[in-house]
Amino acid sequence: MNVTHPTTAEDIDHAPFLERAFDRAPVEDSYRIDRVEGELPDYLRGTYYLNGPAQFRRVGHQPRHWLDGDGMVCALAFGVDGVSFTHRFVRSHKFVAEERAGRALFRTFGTAFEGDRLMRDIGLESPVNVSVYPVGDKLLAFGEQGLPWELDPHTLETRGQFTFGGRLNPVSPFSAHPAFDPRSGEMFNFGVSFSANRPRLNFYRFDRSGEPIYRRRLPLDAPTSIHDFGISANLATIYVSPHVMAMDSFLARGSSLLDALSWEPERGSQLLLIDRETGHERARVEIGSGYCLHLIDSFELGDLLFVDVLEMDQPIYDQYEIPTLFPEPRGCRPIRYAIDVARGRLVSRVPFAFEEMCDFPVVDPRRAGTDYRDFWALAIAGSDRAGRKFFDQLVHFDWRTGQTDIYRTPKGVYLAGEPAFVPRPGSRRDGVAICPAFDAAARSSCFLVFDALDVAAGPSARIALRAPVHLGFHSTFASADS
Ligand SMILES: [Fe+2]
């Protein structure tokens, strides 16, 4: 009998049919959901928004990276008269030009090709595919390091690039992870200027209407890729990992951004603390040489700043290649850093006892920036196994008990975007977690709703979509009364 043994990670498949998530673009649609299995709580009123890359196919061109696809935004709206679903592409400059041309024109994060174009010859033309947030009465879709695009909050029609009243322009560095103060409504954000000689972190503060309050420029030791940050009562915290961008490789030699990035752990990692009020630097704290894509939350107690992150041994972007995703994700764990702010010193570093690859952490929005107990994230079961994998667990983490509560999908079903927590009014902890799922074998998509404090019990409601949608990145829930 002939027995063949897999010899490389690419030969082993723990995510059957996952390539189906990338082989066709979802068809835009808007409709009422006519069937919900299970019970939705009465307090679930508002809209779950999700952004993510959805168009991976242009004639004669095969992108090779999850970050390459054009952004499509989903809106699952829970009203008194039922549930409706809308999904539309963001009409970015890139999307419109490539639709018109009928082929790929622009270089993307993971894919460079002969004759590809850049934005003003200095950066990527954003596919606007990472996140989506309500800002005041507007809905803004974000890509990595570019201006957001304004959408109609109901129809998701694109209104245009959002320049904050002309105060920012298309080359202003601007991350896909703004942070919002739930009390003041202020928005903070950052962006990296990747100059080899004068790398800087731009830090921005806006009022609740989107009017800029300040923009500061803080020096960086190197032009490092930074994706996310956190805010607490008085501080903004940036986790600076030594993931260094070679702009000459990107600009002069035509490489993709992925290929222009190098991991240089000998440089070490830092927490950069910024005074929220003024935008000026408070401290830089050495914290080893880990990599952080996403922070969970940060909060202050007395003289201490607590910074909770999902920390990895190395960057994650090389695990996003299509169709073989997450073949060898490196060590990843939730970490709680305690920092003595006045002395600029690390006090403690406490890991959460969870060793699987996890990402897309969310907290109760009422607790953001304060001492909180629970968070939720997606995880990959058996993430140390070689071979293709994808998110197949929704995990509820409890810092107080150190316990986890885990829902695992059936084989061939993948969790397809960041969960959102919707609190039960009047309760301190209760609520529901909403999470999209993609059944690759059946080529169908749905949304799952869980009791957030007992996700292991499985979904309490399932909302089936008419047609499959893409694997998303970041979500937000806009409650009906906000
Ligand atoms: Fe992100």
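The structure described here is a predicted model. The space within the second largest pocket amounts to about 720 Å³. By residue type, the lining of this pocket consists of 18 nonpolar, eleven polar and four charged residues. Several elements each supply at least two residues of the lining, namely strand S11 (187-193), strand S12 (200-206), strand S13 (212-219) and helix H2 (247-251).

## The strands beside the pocket

Three of these elements are also linked through strand pairing. S11 and S12 run antiparallel and are joined by seven bridges. Together S11 and S12 form a hairpin, with six residues between them. Within this pairing, asparagine 189 has tyrosine 204 of S12 as its bridge partner.

S12 is in turn joined to S13 by seven bridges, and this pair also runs antiparallel. Here phenylalanine 206 has proline 212 of S13 as its bridge partner. The hairpin of S12 and S13 has five residues between the strands, and glycine 210 in this hairpin takes a positive phi near 95°. S12, which takes part in both pairings, is mostly covered, with six of its seven residues buried.

## The iron site

Which residues coordinate the iron ion? The ion is held by the NE2 atoms of His177, His227, His294 and His474, at 2.0 to 2.1 Å. Along the sequence, these donor residues follow the spacing H-x49-H-x66-H-x179-H. Histidine 294 belongs to strand S20 (residues 291-301), whereas histidine 474 sits in the loop between strand S32 (461-464) and strand S33 (475-479); the pair therefore ties together parts that are 180 residues apart in sequence.

As to accessibility, histidine 294 has a relative accessible area of 3% and is buried. Histidine 474 also counts as buried, at 3% relative accessibility. The cut-off for a buried residue is under 20% relative accessible area.

## Local features in loops

The loop between helix H1 (93-101) and strand S6 (131-135) contains phenylalanine 109. Phenylalanine 109 is buried, with a relative accessible area of 10%. From C-alpha to C-alpha, phenylalanine 109 and alanine 260 are 9.8 Å apart in space, although 151 residues separate their positions in sequence.

Aspartate 121 also lies in the loop between H1 and S6. Is aspartate 121 buried or exposed? Its relative accessibility is 63%, and aspartate 121 therefore counts as exposed. Arginine 443, in the loop between strand S30 (431-439) and strand S31 (444-451), is partly exposed, with a relative accessible area of 26%.

Isoleucine 322 and proline 323 are joined by a cis peptide bond, with omega about 5°. Proline 323 lies in the loop between strand S21 (304-312) and strand S22 (332-340).

Conventions:
Residues are numbered from 1 along each chain as its sequence is written. This is a predicted model: local features need pLDDT of at least 70, side-chain atom pairs count only at pLDDT 80 or more; totals for chains, interfaces and linings use all residues. Side-chain values use heavy atoms; hydrogens and water are left out. On a 1 Å grid over the protein atoms alone, a cavity is a set of points where a 1.4 Å probe fits but cannot get out, and a pocket is an open set with protein on both sides within 12 Å along at least five of seven lines; lining residues have an atom within 4 Å of a point. Grid points are joined across faces, edges and corners, and a volume is the space filled by probe spheres set on the points. Helices (H or I, at least four residues) and strands (E, at least two) are DSSP runs, numbered from the N terminus. Ala, Val, Leu, Ile, Met, Phe, Trp, Tyr, Cys and Pro count as nonpolar, Asp, Glu, Lys and Arg as charged, and the others, Gly among them, as polar. Donors are N, O and S atoms within 2.8 Å of the metal (3.2 Å for Na, K and Ca); water is not among the atoms, so sites may look incomplete. Buried means under 20% relative accessible area, exposed over 50%, partly exposed in between (1.4 Å probe, protein chains only). Two strands pair if DSSP finds at least two bridges between them.
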